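Good morning. I have one structure to go through today, and I will keep it short. Please have a look at the screen first.

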Amino acid sequence: MKNIKILFLAGLIGSIYSCSNGEKADGYGNFEATEITISSEANGKLEFLNLEEGQVIKQGTVVGLVDTLQLYLNKQQLLAQKETVASKSGGVWSQVSVLNQQLQTAKTEQERIQNMFTEKAATQRQLDQANNQVDVLKKQIKNVETQNAPIVNEVKTIEAKVAQINDQIIKSKVTNPIKGTVLTKYTEPGEIVSFGKPLYKIANMEEMTLRVYISETQLSYIKIAQQVTVKIDAGEEMKDYEGTISWISASAEFTPKIIQTKEERVNLVYAVKVTVKNDGSLKIGMPAEMWVDSR
């Protein structure tokens, strides 16, 4: 029995020694993706929200709509008001048109008198009267146009309000901003939503980011754009992916809680991001290893 215990301990020590000298990954971490929460930009009843969790949606797809009936009615009211105000301007411009015709006639007469005066066939008094007539008509036109300024300003104000409503109608449509996979759906059709209320969360899962942590001594053999191998668990074996280092932290930090051993937790490390093309197997939060191909 004593010999058996000795052999068992010897085997255990040898196993531990073998593991401690085995090949280890250069970094450990978890996969991440850029998650975007899509929120409502309008207030009202959510008419529809055509998406489900796990669904892949293209960029620019209209997936929902907030009720726009009140906005439409307000817009029609403003357009009718604009026509009423603009009709007042029509009377003013009619006066301006008549005065412009009179001014054209006065200028023709002014030119004729000027020619006659040059040939000494008209008196200075006649020329002064012609000049005064032109000046009077110009002032009258200016005064009438001044009367039209408030009307024009009112029309511009109404047009600005219409443009504001058009913008609100556009924002009532829920348009998906990126191509990605729906992670979480927060609301259902028929609910009353308000500005800023989260509707759903989406992330681009085609390219995943593996955030790993390395020690200071490892910094010397990694760089931005370097190709590395990323491994994940696949049953009893490991599945390999090609990865590219996209970011290296400029400052050290304490290791995160996902590092299990006490010795590793008290060390300062540098965060590294590795971009990996997803074949559908990679998920957010999945653990993985980074292996540097050559040092």
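Predicted model: local features only at pLDDT ≥ 70, side-chain atom pairs only at ≥ 80, totals over all residues.

Residues are numbered from 1 along each chain as its sequence is written, and side-chain values use heavy atoms, with hydrogens and water left out.

The chain has four helices and 15 strands. These are DSSP runs numbered from the N terminus: H or I with at least four residues for helices, E with at least two for strands. Of the 295 residues, 29% are buried. Buried means under 20% relative accessible area, exposed means over 50%, and partly exposed is in between, with a 1.4 Å probe and protein chains only.

Now helix α3, residues 124-171. How far apart should its ends be? At 1.5 Å a residue, its 48 residues should span 70 Å, and the end C-alpha atoms are 69 Å apart, which agrees. The expected span is 1.5 Å times one less than the number of residues. There is a kink of about 30° at Asn148, shortly before the proline Pro150. The bend is the angle between axes fitted to the seven residues ending at a residue and the seven starting there. Asn148 is also among the buried residues of α3, which include Leu127, Val144 and Ile151.

Next, charged pairs. Side chains of opposite charge can pair when their charged atoms come close. The rule for a salt bridge here is a side-chain nitrogen of Lys or Arg within 4 Å of a carboxyl oxygen of Asp or Glu. That gives nine salt bridges.

One of them joins Glu159 and Lys82, with the closest N and O atoms 3.0 Å apart. Glu159 is in helix α3 and Lys82 in helix α2 (residues 69-118), so the pair links parts of the chain 77 residues apart. Glu159 is partly exposed at 37% relative accessible area, and Lys82 is partly exposed at 26%.

Another salt bridge is Lys239 with Asp279, 3.0 Å from N to O. Lys239 lies in strand β12 and Asp279 in the loop between β14 and β15, 40 residues apart.

Lastly, Lys185 and Glu188 meet at 3.4 Å, N to O. Buried or exposed? Lys185 is buried, at 13%, whereas Glu188 is partly exposed, at 41%.
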